[in-house]
Structures are given as C-alpha cells and as structure tokens.
Amino acid sequence: DNSSEFIPKCRACRRQVREHSGEGDHHEGLSSDEELTPTEEDEFQKSKDNVLEDSRKIFEDVHADFCDIRKILLKFQEWKEKFPDSYCDAYISFCLPKLLNPLIRVHLISWNPLEQNFTELEEMPWFRAIEEFSDAENISESK
C-alpha cells in the first residue's frame with residue numbers, strides 16, 4: 001500500500017516549501033490544509049457577521065411575549081396551574097422541546113465552546129429559565 005508512504009512525503013514537501021518561503025508560524029502536527037489564508041479568514045468573518053446580523057432580525061416583528069423563552073414558559077406554567085387536565089391531555093412536556101428549539105438555536109448561533117472566554121450553557125439565561133420551569137414541574141408533580 002503506497003498511500004502510507006505518500007502522506008509523509010507530502011508533509012516533507014510542504015515542510016520544505018515552508019522553510020524556503022520563510023513561513024515560520026506553522027505548528028507541527030497541524031494540517032496545512034486546515035490553515036486559512038488571510039483572504040479566507042476575512043471572507044469567513046464577513047459571512048459570520050452577516051449570519052449574526054440576520055439572526056438579530058429573526059424575531060423583530062414578534063411580540064416580546066412570544067420570543068422570550070422565560071415568558072413563554074410562564075404562559076405554560078399558568079396554563080398548567082389553571083387547567084391541569086387540559087395541560088396534561090395536550091402532552092405539553094413532549095411539545096416544549098420542539099417549540100423552544102428555534103428560539104434556543106438563535107441564542108446559540110454565536111456560541112462557540114472552542115473560544116477561550118465562552119459562556120457555559122448552564123449560565124445562559126434561556127437554560128436557567130428551562131431549568132427553573134423543569135424544577136417547578138417536578139415539584140408540582142411530586143405534590
């Protein structure tokens with residue numbers, strides 16, 4: 001099998017090219033295929049900025065009560081307290097993940113766990129709201 005011999009030869013060739021061109025910022029073990037050129041980095045950053053800008057506009061025309069996870073969960077909590085039979089018959093606990101999914105995805109668009117100063121999921125406001133709602137449901141079910 002010549003493929004196993006081919007890979008080290010390619011690496012050696014790329015190393016020689018880097019040494020002759022004066023590129024000293026390459027880290028051994030990282031593939032040069034994964035390194036982005038400054039132009040590619042600029043294009044990526046512009047594309048990322050466009051996506052983030054578009055994501056801010058998604059809920060522009062939505063009433064605040066229906067684009068805030070905490071407010072949505074409060075409405076479900078009120079429903080459960082006022083009409084427990086109807087709430088149970090509607091299988092709301094099964095519907096909430098699908099209902100909240102688009103809202104959570106918008107919050108996670110800019111989240112990058114590989115960044116040095118990223119926010120833990122457990123610290124995000126939407127996560128705490130869901131956690132509080134779940135705790136409230138567990139307490140009411142145990143009663």
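K75 is partly exposed, with a relative accessible area of 37%, where buried means under 20% relative accessible area, exposed over 50% and partly exposed in between, for a 1.4 Å probe and protein chains only. This is a predicted model, in which local features need pLDDT of at least 70 and side-chain atom pairs count only at pLDDT 80 or more, while totals for chains, interfaces and linings use all residues. Residues are numbered from 1 along each chain as its sequence is written, and side-chain values use heavy atoms, with hydrogens and water left out.

**Exercise 1.** Determine which residue forms a salt bridge with K75, and where the two partners lie.

Step 1. A salt bridge is taken here as a side-chain nitrogen of Lys or Arg within 4 Å of a carboxyl oxygen of Asp or Glu; a search of the whole structure finds three of them.

Step 2. The partner of K75 is D65, and the closest N and O atoms are 3.9 Å apart.

Step 3. Because K75 belongs to helix α3 (residues 69-82) and D65 to the loop between α2 and α3, the pair ties together parts that are ten residues apart in sequence; helices are DSSP runs of H or I with at least four residues, numbered from the N terminus.

Step 4. D65 is also partly exposed, its relative accessible area being 24%.

**Exercise 2.** Locate the salt bridge between E132 and R70 in the sequence and in the helices.

Step 1. The side chains of E132 and R70 meet at 2.7 Å, N to O.

Step 2. E132 sits in helix α6 (residues 125-142) and R70 in helix α3, so this pair ties together parts that are 62 residues apart in sequence.

Step 3. E132 is partly exposed at 44% relative accessible area, and R70 is partly exposed at 35%.

**Exercise 3.** Find where helix α5 bends, and which of its residues are buried.

Step 1. Helix α5 covers residues 92-108.

Step 2. The bend, defined as the angle between axes fitted to the seven residues ending at a residue and the seven starting there, is about 40° at N101, and the proline P102 follows within four residues.

Step 3. The buried residues in α5 include I92, L96, L100, L103 and I104.

Definitions and conventions: Helix = DSSP H or I, 4+ residues; strand = E, 2+ residues; numbered from the N terminus. Expected span 1.5 Å × (residues − 1).
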